Amino acid sequence: MEITIRTTDHPKPKPDESKLGFGTHFTDHMFNMDYTSDLGWHNPRIEPYAPFVLDPATMVLHYGQGIFEGMKAYHAGQDGIQLFRPRDNFNRLNYSARKLCMPEIDVDLALKALKALLGVEKQWVPKAAGTSLYIRPTMIATDPFLGVRASYTYRFFIILSPVGAYYAEGFNPIKILVTREHVRAVRGGVGDTKTMGNYAASLLAGKKAAEAGYTQVLWLDGVEQKYVEEVGSMNIFFVINNELITPELSGSILPGITRNSVLQLARQWGMTVSERKLTIDEVLEAHQTGMLTEVFGSGTAAVISPVGELKYENHVLSIGDGKVGPMAQKFFDAITDIQYGRAEDALGWIEPAV
Ligand SMILES: Cc1ncc(COP(=O)(O)O)c(C=O)c1O
């Protein structure tokens, strides 16, 4: 399928790279493509970034039939602009699409569209240390219809945002509140997809955590509220007695691409690695016996986020004296070195973007 390109006559000034923040600046162009049951996906096009005009009855606005992805393009010096495991993101988008009764997208076409968009927007990939271009592919249900069923029409779009650090703390330990009052996802639900409602459902717990002085919430499983699942919008890792443990993919956890990268590296480095059920009581006990040496989150936005404090009911667990632990540092360095082209891509994770 040919992608048509229409460029803007009014390019925006580029933001100051030292003050990017996260998700507030958007580039000059976007990719759009439409789906109808008779034509399938059609009219792939790059055009000036612009608001949508939507019928107030548009189904995504009512029933939340919408999914998205999050990935990044990195400026890699002489090597140009690089993507990190983009096919995994588009495959995960298709997994989300299947679970939300939405049409899948050809991964090669999605990648071609993204590269074409990056070709137009390459000046928007920031160069300052720690910055990148965040990529947000999104699919929404567009039938103007009230009534619960899958839409017959969809829009797929990609927008780009130059970003700096996700957390105000930067690469410094964050404080996490373990909640039993709220759950993020349940067995048999859509916790393993990137569907919009999962994030809306997480807001109240996040707000309460922020009011109590915590950056994120650690979610326990939705059935027994016993097992650790994820933290905010990241996967979570614990180092207990030199074993690297992350909750197994149970169906209610998002299968993070950073999580998978950490696991692959850890196995390559010969570490003892477990994807298994982990109770919050085991974490407490490991802390009491001095065996819990590190906790960190993993995700595209922050890559690795060390956790310096966990609060669970009336227990306050201080981890690693509030400093970045050696494992968190090692994974952060190894992954970001590959992303920015400073280290060899031995695992085949890099895709040249332009
Ligand atoms: C709920 C949730 N868990 C985990 C992750 C981490 O996934 P990834 O490493 O693919 O960014 C994300 C972010 O995408 C997320 O939204």
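**View 1. The lining of the largest cavity.** M71, K72, Y74, F84, N89, I257, T258, T300 and Q339 line the largest cavity of this predicted model. Here a cavity is a set of points on a 1 Å grid over the protein atoms alone where a 1.4 Å probe fits but cannot get out, and lining residues have an atom within 4 Å of a point. Two elements, β5 (71–75) and α6 (257–268), each give two or more residues to this lining, and β5 gives the most, with three. Helices (H or I, at least four residues) and strands (E, at least two) are DSSP runs, numbered from the N terminus.

**View 2. Space and residue classes in the largest cavity.** The volume of the largest cavity is about 70 Å³, a volume being the space filled by probe spheres set on grid points joined across faces, edges and corners. Its lining has four nonpolar, four polar and one charged residue. Ala, Val, Leu, Ile, Met, Phe, Trp, Tyr, Cys and Pro count as nonpolar, Asp, Glu, Lys and Arg as charged, and the others, Gly among them, as polar.

**View 3. The second largest cavity.** This cavity holds about 60 Å³ of space. Residues lining the second largest cavity include T293, E294, V295, P306 and V307. β15 (292–299) and β16 (303–312) each supply two or more lining residues, with β15 giving the most, three.

**Notes on the model.** Residues are numbered from 1 along each chain as its sequence is written. In this predicted model, local features need pLDDT of at least 70, side-chain atom pairs count only at pLDDT 80 or more, and totals for chains, interfaces and linings use all residues, while side-chain values use heavy atoms, leaving out hydrogens and water.

Key:
1 Å grid on protein atoms, 1.4 Å probe; cavity = no way out; pocket = protein on both sides within 12 Å on 5 of 7 lines; lining within 4 Å.
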